[in-house]
Amino acid sequence: MLQMTGVKKTYRTELVETYALRDMTVSVNDGEFVAVTGSSGSGKTTFLNIAGLLESFEHGTYQLDGEDVSRLSDDERSTYRNRKIGFIFQSFNLIPDLNLFENVDVPLRYRRLSKGDRKQRIEHALETVGLASRMKHVPAQLSGGQQQRVAIARALAGNPKILLADEPTGNLDSTMAHQVLDLLEEIHADGTTIIMVTHDQDLAKRAERNIHLLDGRVAAEEVADQRSVAA
Amino acid sequence: MFRYNVKLALKSMRRNVILTALMIAAIGVGIGISMTTMTVYYMMNGDPIPAKSDVLFAITMDSWSPLRPFNDDKPDRAPHQLTFHDAERLLAFGEGKRQTAMFESSLIIEPVNEDELPFEAGARVASADFFSMFNVPFIYGSGWDQSADAAAEPVVVLTKQLNERLFGGKDSVGERLIMQGTYFQVAGVVDTWEPTPRFYDPINGAFQEINEMFIPYSLTLALELQSAGSDWGWKSEDITSFEQWLNSESSWVQYFVELESPRDRDAYVAHLDAYVGEQKRLGRFERPMNNNIFDVMEWMEYHEVVANDSKVLVGLSFLFLTVCLLSTIALLLTKFVGKTSETSLRRALGASRKVIFNQQLVEVAVIGCAGGLIGLLLAAAGLKGIKVLYEAPDGLVSLDWVMIMTAIGLAVVSSMIAGLYPAWRVCKIPPAAQLKTQ
């Protein structure tokens with residue numbers, strides 16, 4: 001599903017060069033649930049942004065769903081993001097003055113689907129996360145956990161090949177965090193590939209594989225069944 | 001997508017009401033002021049008779065003094081009016097398809113109702129062709145015919161307003177009224193007719209109301225009708241009778257002719273030259289031959305109906321609009337900065353730069369549209385103010401559909417131009433910029 005080889009990413013200002021990723025080589029299989037862990041500044045978010053085609057990189061190659069997406073134009077990346085990738089963010093990133101239906105509708109609008117198709121997908125996605133009855137509510141009327149479920153519904157509505165979650169439980173208490181993770185596991189069980197960035201080791205252990213980053217490189221990988229380390 | 005963008009625009013406008021109101025106000029004031037000046041300019045500059053403006057011609061012939069030109073500042077110009085004698089001769093030749101000699105006068109009307117006092121009303125003394133030449137619309141009856149002209153019949157055509165005053169607005173054709181001690185029979189009543197500018201007589205005021213009634217030019221001698229408009233003379237003449245006045249070198253008759261083709265126009269100029277040549281042999285027209293014919297728009301330009309001040313005013317008002325739009329750009333930048341995180345999210349979810357750019361432009365267009373509507377209200381108020389202040393005719397200070405659509409179009413287009421830079425800035429926001437910090 002995802003194959004990054006020798007990817008380098010540097011942030012430059014007039015005074016400083018920061019190496020966010022150095023020779024990053026990662027592979028994620030179809031239908032896998034991978035957790036990416038690491039301390040602050042280890043490159044987790046940069047990795048996720050590059051994986052989600054939100055940022056470009058200087059060196060290396062990146063294949064997504066069998067296609068080389070290393071040098072796509074900005075428009076092509078937008079189309080890819082819209083059709084193949086679902087995003088879940090730590091702070092939910094819902095648009096406050098749109099109701100739940102409209103929030104889930106946002107990525108579908110850019111896909112130019114018919115009104116009926118969009119409606120069906122939105123209702124199904126909200127049903128999946130258990131919020132179909134509240135589709136006319138605005139985000140402020142929901143708890144944090146419910147808002148994150150709406151964000152998951154938004155990511156699911158487009159039937160993505162891969163779901164990228166950046167600290168999806170970071171703003172939730174432990175009960176809600178586990179509910180959200182239960183939901184992600186259900187989605188994974190249906191065959192969706194998930195990459196989740198987290199620094200919560202307990203949550204990371206629920207993934208099939210844990211990739212640990214250090215200074216922009218893969219420092220260790222741990223497979224759930226074997227819990228073996230391969231640095 | 002357009003409808004979706006309009007919906008998003010309305011939501012976005014509600015999100016920051018004060019900022020939105022400021023932008024709408026800035027555009028509204030700019031549009032209001034520029035549309036006020038532009039409307040006046042447009043009405044002044046408009047073609048008052050588009051169907052015939054290129055076949056109607058005003059005539060001038062230089063019968064002025066051999067010692068100095070009619071206009072010292074513009075020595076190539078002939079008097080704008082003809083002598084009665086010359087007008088009579090041109091009418092008699094009848095070389096054009098239609099022609100009218102005319103002047104402004106005023107007569108005392110003795111009302112049919114004895115309770116009312118006599119009153120003075122402005123009259124246009126003209127030939128029968130006046131009505132058909134200038135496409136005058138009638139609510140009742142019609143103009144008089146050539147035979148009435150030839151027989152100098154006392155007939156009158158009333159405006160709607162005068163007919164209302166004299167006959168309560170009823171069909172008064174055939175009714176009689178007394179003017180100058182003579183019974184006049186009503187031949188017709190003119191429907192609303194407000195040519196703006198009043199092209200057939202810019203000499204006595206291009207933006208005056210039309211005269212209240214029309215009577216035959218051929219009555220001039222019989223009723224000793226005096227001109228109430230401009231008259232110009234250069235020759236010291238011993239005038240003791242009305243007949244002598246009519247035969248004097250004073251210029252006070254306006255003359256229009258209808259000519260259908262350029263060939264007719266050339267033939268008519270040749271005819272004028274021949275006439276003046278003949279007059280020269282009789283000792284008149286001592287200046288060099290200087291006969292001119294002007295179509296309607298040339299005639300308006302000749303009389304500088306659109307004053308230079310108006311052009312300057314329009315320019316200044318558009319400068320003001322530019323200042324308003326610059327303020328709008330600043331406000332839009334402020335507004336769009338507040339939308340960075342939403343834009344970043346939309347980009348992440350698949351919106352291309354073009355889609356984001358279009359979304360912002362639609363929002364600006366909606367703001368511009370609202371500004372245009374406010375501007376229209378302000379323009380209407382401004383024009384009302386001008387009407388009250390300068391007693392301008394309705395035709396000059398009213399917004400027609402062209403101007404209404406121009407106002408909205410100008411507001412939308414100019415605000416979209418103002419929105420280009422802010423929209424471009426927004427669409428350049430990278431998708432990952434604000435996702436972590438929301």
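A residue is buried if 20 or more other C-beta atoms lie within 10 Å of its own. With that cut-off in hand, the legends below can be read in order. The model is predicted.

**View 1. Chain B, taken as a whole.**
Buried residues make up 45% of the 438 residues in chain B. The chain holds 14 helices and 11 strands. Consider the contacts in chain B with a separation of 6 or more: residues 24 or more positions apart account for 78% of them.

How many of the 5 residues of strand β1 (residues 56-60) of chain B are buried? The count is 5 of the 5, so the strand is largely enclosed by the rest of the structure. Its side chains take two directions. Leu56(B), Ala58(B) and Thr60(B) point one way from β1(B). Phe57(B) and Ile59(B) point the other way. Both sets are buried.

Now look at the pairing. Strand β10 (residues 251-258) of chain B is joined to β1(B) by 3 bridges, and the two run antiparallel. In β10(B), Glu258(B) stands opposite Leu56(B). Strand β11 (residues 292-295) of chain B is joined to β1(B) by 4 bridges, and this pair also runs antiparallel. Here Asn292(B), in β11(B), is the bridge partner of Thr60(B).

**View 2. Chain A, taken as a whole.**
Chain A has 231 residues, and 48% of them count as buried. Its secondary structure comes to 7 helices and 10 strands. Among contacts in chain A with a separation of 6 or more, 69% come from residues 24 or more positions apart.

**View 3. Helices α4 and α5 of chain A.**
Two packed helices are described by the angle between their axes and the distance between the axes. Helix α4 (residues 115-128) of chain A packs on helix α5 (residues 144-157) of chain A at an angle of about 135°. Their axes are 8 Å apart. That angle makes α4(A) oblique to α5(A). The crossing is right-handed.

Which residues of α4(A) meet α5(A)? They are Arg121(A), Ile122(A), Ala125(A), Leu126(A) and Thr128(A). From α5(A), the residues they meet are Ala153(A), Leu156(A) and Ala157(A). By class, this contact has 6 nonpolar, 1 polar and 1 charged residues.

**View 4. Two loop residues of chain A with positive phi.**
Most residues other than glycine have a negative phi. Glu167(A) is not a glycine, yet has a positive phi of about 45°. Find Glu167(A) in the loop between β7 (162-166) and α6 (174-189) of chain A. Is Glu167(A) buried or exposed? Glu167(A) is buried, because 21 other C-beta atoms lie within 10 Å.

Asp215(A) also has a positive phi, near 50°. Asp215(A) sits in the loop between β9 (209-214) and β10 (217-223) of chain A. This residue is partly exposed, with 14 other C-beta atoms within 10 Å.

**View 5. The contact of chain B with chain A.**
How many residues does the contact take from each chain? Chain B gives 18 residues and chain A gives 21 residues. On the side of chain B that touches chain A, α1 (2-15), α12 (340-348) and α13 (353-390) of chain B each supply at least two residues. The largest share of that side, 4 residues, comes from α12(B). By class, the residues of this side of chain B divide into 9 nonpolar, 3 polar and 6 charged.

Methods
Residues numbered from 1 in each chain as written. Chains lettered and ligands numbered in written order. Predicted model: local features only at pLDDT ≥ 70, side-chain atom pairs only at ≥ 80, totals over all residues. Buried ≥ 20, exposed ≤ 12 C-beta atoms within 10 Å, placed from the backbone. Pairing = 2+ DSSP bridges. Contact = placed C-beta atoms within 7 Å. Axes fitted to C-alpha atoms, helices over the stretch in contact; angles between N-to-C directions. Parallel < 35°, antiparallel > 145°, perpendicular 65-115°, else oblique. Left-handed = near helix turned anticlockwise from the far one by under 90°. Nonpolar A, V, L, I, M, F, W, Y, C, P; charged D, E, K, R; others polar.
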